[in-house]
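Student: I would like to go through this chain term by term. For each label, please set the value against the definition before concluding.

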Amino acid sequence: MAKEPWLGDDEQKAWRSYLLMWKLLETHVARHLQREYGLSASDFEILVNLSEAPTGRMRAFELGEATQWEKSRMSHHLTRMEKRGLIAKVACDARYPEIAITEQGLEAIRACAPAHAALIRELVVDTLGTDRLVSLGDAGAEVATAIEKHRQTTCPPEVRGEY
């Protein structure tokens with residue numbers, strides 16, 4: 001099998017710039033959530049998904065699909081969030097409980113969401129402007145589609161849903 005070609009100078013520069021931007025943004029936003037609101041980025045991600053669900057409830061596998069987390073990570077994190085009162089596991093007619101956002105979880109997301117949105121606006125939206133933001137969204141969607149196609153052709157069927 002032939003080796004894949006190395007990235008060219010401009011490609012390498014763009015890739016590394018993207019990696020640096022993502023790491024800085026992810027770290028800065030996570031630290032802000034933790035410092036100001038006592039929430040981890042993972043807490044925030046779960047609370048956003050639950051707060052946007054029509055019933056405020058989702059199955060763990062649905063949260064796993066939405067977050068791309070593996071089952072083990074999801075299970076452990078939900079247990080920690082339940083102990084802190086942010087979510088509850090609610091029995092339903094199926095074998096597995098639904099995960100529900102609690103009043104405390106709703107209060108937490110309502111408290112931090114406006115500041116989080118303002119931070120993203122300041123760091124990303126206002127920095128890029130409308131045209132480049134649309135381009136970034138389009139590029140992100142194209143890369144996500146390429147990743148899904150690659151995953152379908154390279155991952156065994158039993159692990160395709162593991163993300």
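**Labels and their grounds**

Tutor: The chain has 6 helices and 3 strands. Helices (H or I, at least four residues) and strands (E, at least two) are DSSP runs, numbered from the N terminus. The model is predicted: local features need pLDDT of at least 70 and side-chain atom pairs count only at pLDDT 80 or more, while totals for chains, interfaces and linings use all residues. Residues are numbered from 1 along each chain as its sequence is written, and side-chain values use heavy atoms, with hydrogens and water left out.

Student: What pattern does the chain follow along the sequence?

Tutor: The order is α-α-β-α-α-β-β-α-α. The C-alpha trace spans about 55 × 40 × 25 Å along its principal axes.

Student: How do you know that helix α5 is not straight, and where is the kink centred?

Tutor: The expected span of a helix is 1.5 Å times one less than its number of residues. For 52 residues a straight helix would span 76 Å, but α5 (residues 103-154) spans only 42 Å between its end C-alpha atoms. The bend at a residue is the angle between axes fitted to the seven residues ending there and the seven starting there. In α5 there is a kink of about 115°, centred on Gly-129.

Student: Which residues of α1 are called buried, and what do they pack against?

Tutor: Buried means under 20% relative accessible area, exposed over 50%, and partly exposed in between (1.4 Å probe, protein chains only). In α1 the label buried goes to Leu-25, Val-29, His-32 and Leu-33. The buried residues of α1 pack against α2 (41-52) and α5. In α5, the buried residues include Leu-106, Ile-109, Cys-112 and His-116. Over the chain, 25% of the 163 residues are buried.

Student: Why is Ala-113 called partly exposed?

Tutor: The relative accessible area of Ala-113 is 29%, which lies between the limits of 20% and 50%, so Ala-113 is partly exposed. Ala-113 is found in helix α5.

Student: What makes Arg-95 count as exposed?

Tutor: Arg-95 has 73% relative accessibility, which is over 50%, so Arg-95 counts as exposed. Arg-95 is in the loop between β2 and β3.

Student: How many aromatic pairs does a search of the whole structure find?

Tutor: The search finds 1 aromatic pair. The ring centres of Trp-15 and Tyr-18 are 5.6 Å apart and the planes are at 25°, so the pair is stacked. Rings of Phe, Tyr and Trp (its six-membered ring) pair if their centres lie within 6.5 Å; planes under 30 degrees apart count as stacked, over 60 as edge-to-face and the rest as tilted. Trp-15 and Tyr-18 are 3 residues apart in helix α1, so about one helical turn separates them. Trp-15, at 43%, is partly exposed, and Tyr-18, at 40%, is partly exposed.

Student: What makes Arg-73 a charge over the ring of Trp-69?

Tutor: The test is that NZ of Lys or CZ of Arg is within 6 Å of the ring centre and within 35 degrees of the ring normal. Arg-73 lies over the face of Trp-69, at 3.9 Å from the ring centre.

Student: How do you know that β3 pairs with β1 and with β2?

Tutor: Two strands pair if DSSP finds at least two bridges between them. Strand β1 (residues 57-59) is joined to β3 by 3 bridges, running antiparallel, and β2 (residues 87-90) pairs with β3 over 4 bridges, also antiparallel. Ile-99 of β3 is the bridge partner of Met-58 and of Lys-89.

Student: Which way do the residues of β3 point?

Tutor: Glu-98 and Ala-100 point one way from β3 (residues 98-101), Ile-99 and Ile-101 point the other way, and all are buried. In a regular strand the side chains alternate between the two faces of the sheet.

Methods: Contact means heavy atoms within 4.5 Å.
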